[in-house]
Amino acid sequence: MKKFKHGYEGMLVVIEGTDGSGKSTQLELLKKSLQDKSYGVMVSEWKTSRLIADVIDDAKDRNLLNATTYSLLYAADFADRLENQIIPALKSGFIVLLDRYYYTALARDVVRGQNIEWVKNLYEYAPEPDLVFYLDMPVDVLLKRIIGTTGLDFYESGRDVGFSTDFYKSFEIYQNKCLEQYNNMKQEYGFISIDGTKSISAIHKIMNNEVQKILDSGILD
Amino acid sequence: MAKLNEKHNYEGTLVCVEGIDGSGKSTQLALLRDWLKSCGKDVIYTEWNSSPLISQTTKLAKKKNMLSPRTFSLLHAVDFADRLKQVIAPALKAGFIVLADRYAYTAFARDVARGVDPKWVRQVYDFAIKPDLTIYFDIDPKTSMERICFNRTPKFYEAGMDLKLSSDPFESYILFQSRVVKEYKKMLAEFDIVKLDAKDSIHKKQVEIRKMLTEILKTKGVEIEEI
């Protein structure tokens with residue numbers, strides 16, 4: 001019988017990309033299309049553990065975080081979700097769709113000055129995904145999207161890192177640095193990079209095809 | 001090599017006490033603090049799992065038995081990192097004597113006793129500053145239990161109940177804390193930790209500790225004169 005690299009019954013699919021790149025929209029579409037094909041789907045988003053997510057939000061609101069506690073809190077959130085949601089679902093044969101994975105931490109923490117090897121060690125126990133989609137978006141498009149929807153957020157703009165006191169400028173510098181980190185990771189982690197400026201349905205089609213290829217191998221049957 | 005093996009260059013002095021519960025380390029640290037204060041020294045005290053950022057969350061999660069070994073480890077690392085960056089490092093820069101009730105070694109002992117990889121947890125705490133003096137209070141788990149649990153049952157995590165070594169909390173405590181003690185003993189040479197016998201009298205241990213600290217301060221050009 002064919003097996004996944006991580007050894008679990010289920011399949012692990014990750015969508016990565018910076019804020020505003022359209023990850024959640026695609027995740028919803030993918031979830032729907034897989035459920036329509038009678039597969040069990042579980043979705044988990046970055047920073048949503050019951051235990052720690054509120055602490056992170058509160059600490060951000062009150063500006064309590066330094067680069068090290070920032071890294072460690074996200075790592076704790078991840079560990080909690082991995083052990084309580086993701087791995088149990090994989091063991092039960094679900095297709096697990098993740099909005100962000102530890103690549104997000106690698107990008108953000110390194111931009112905040114952490115040593116990359118230190119950050120990698122924090123996540124070294126995480127199972128390797130079967131597919132990683134990366135939504136590639138130019139910063140100018142991102143800026144428009146974010147200003148048009150949620151508005152510029154303090155941390156998303158990297159204001160805590162002190163690149164610039166100007167929100168717009170800080171966002172530009174911070175997101176560019178994050179993109180640089182993502183670009184460095186593309187090859188190392190075998191990202192399937194998709195042009196994020198394509199239409200929603202065009203992107204969905206690409207993702208669906210890639211997932212279907214794996215399903216066609218009969219690995220989940 | 002990690003910072004924990006390199007001498008720091010701060011003006012201040014970092015003193016840590018380690019050991020399982022009931023080993024008398026907090027008593028010794030309190031005596032040391034009062035003495036240093038009475039000698040007119042700038043002293044601050046910091047204890048394990050006390051940062052305003054996370055300690056309440058960790059305590060709540062412990063009460064609900066919600067933590068996996070790795071989450072347990074990372075939450076304590078958050079606490080430690082917060083205190084290190086906000087309290088310990090600034091105080092050392094300002095020339096204070098910093099007294100820490102438990103330090104990174106507590107994580108190394110407890111987390112590894114829970115099955116976490118020793119290399120992994122050492123790497124997580126890679127940002128920790130090497131103390132000038134670390135004292136380990138050696139006590140056997142049975143005596144420790146008699147001291148802290150004479151009128152109560154050991155708590156879930158303190159007894160290592162999450163490891164399912166035994167369904168009896170008292171028995172589990174002995175089994176789990178024996179593992180912790182074993183890890184502490186492995187660290188004595190690795191991190192230049194001084195071992196004291198917890199069963200010695202309070203007075204004898206305090207005299208010994210003051211002597212060691214006085215010597216260390218002397219090498220930094222700090223004399224202790226009782227006022």
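Author: Welcome! pLDDT is the predictor's confidence in each residue, from 0 to 100. Chain B averages a pLDDT of 95, and 99% of the residues score at least 70. This is a predicted model, in which local features need pLDDT of at least 70, side-chain atom pairs count only at pLDDT 80 or more, and totals for chains, interfaces and linings use all residues. Residues are numbered from 1 along each chain as its sequence is written, while chains are lettered from A and ligands numbered from 1 in the order in which they are written.

Reader: What makes residues 200-216 of chain A a helix, and what span is expected for H8?

Author: Helices are DSSP runs of H or I with at least four residues, numbered from the N terminus. H8 of chain A has 17 residues. The expected span is 1.5 Å times one less than the number of residues. For H8 that is 24 Å, and the helix reaches 24 Å from its first C-alpha to its last.

Reader: Which residues of H8(A) are called buried?

Author: Ile203(A), Met207(A) and Val211(A) are. A residue is buried if 20 or more other C-beta atoms lie within 10 Å of its own, exposed if 12 or fewer, and partly exposed in between, with C-beta atoms placed from the backbone.

Reader: Why are they said to be on the same side of H8(A)?

Author: Because they cover an arc of only 60° around the axis, the arc being that of the directions from the helix axis to the C-beta atoms. The face turned away from the buried side carries exposed residues, including Ser201(A) and Lys213(A).

Reader: What comes just after H8(A)?

Author: Gly218(A), which takes a positive phi of about 80°.

Notes:
Helices (H or I, at least four residues) and strands (E, at least two) are DSSP runs, numbered from the N terminus.
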